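The sequence and the model come first, followed by notes grouped by topic.

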Amino acid sequence: MIAQRRGIDLWSYGRFKLAIDYAAKYVVAPKSWPWAGGAGRAIHPLWEVAYQRWQNPAYQPIIKQRRPYGVDGHSAVRWTTLTNGLPF
């Protein structure tokens with residue numbers, strides 16, 4: 001929010017979207033992760049916020065596994081379905 005008020009679009013900064021899109025396919029199919037073993041597969045509220053921003057259909061299966069985010073959220077970012085969730 002602070003950066004946005006200063007005219008800085010962090011969503012478009014660097015390769016953030018490329019990284020999110022890359023990770024999405026492995027969250028859905030974690031056994032296909034080509035790097036070191038033991039990669040986590042926690043469904044994080046980031047996906048709800050990323051879907052609100054880009055509306056990439058690849059994020060929907062990830063979000064459906066955990067929606068709605070709320071009191072039982074996985075991190076300090078809670079209630080993202082209420083504040084950022086879009087209907088599919």
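Contact here means heavy atoms within 4.5 Å. By that rule, and leaving aside its neighbours within four places in sequence, Trp 47 touches Ile 20, Ala 23, Ala 24, Val 27, Tyr 59, Ile 62 and Ile 63. The model is predicted: local features need pLDDT of at least 70, side-chain atom pairs count only at pLDDT 80 or more, and totals for chains, interfaces and linings use all residues. Residues are numbered from 1 along each chain as its sequence is written, and side-chain values use heavy atoms, with hydrogens and water left out.

**Overall make-up**
- The protein chain has five helices and zero strands, where helices (H or I, at least four residues) and strands (E, at least two) are DSSP runs numbered from the N terminus.
- Of its 88 residues, 28% count as buried (under 20% relative accessible area, 1.4 Å probe, protein chains only).

**Helices H2 and H3**
- The axes (lines fitted to C-alpha atoms over the stretch in contact, with angles from 0 to 180 degrees between N-to-C directions) of H2 (residues 16-28) and H3 (residues 46-54) come within 12 Å and cross at roughly 125°.
- On the H2 side the contact is made by Phe 16, Lys 17, Ile 20, Ala 23, Ala 24 and Val 27, and on the H3 side by Leu 46, Trp 47, Ala 50 and Trp 54.

How values were computed: Buried means under 20% relative accessible area, exposed over 50%, partly exposed in between (1.4 Å probe, protein chains only).
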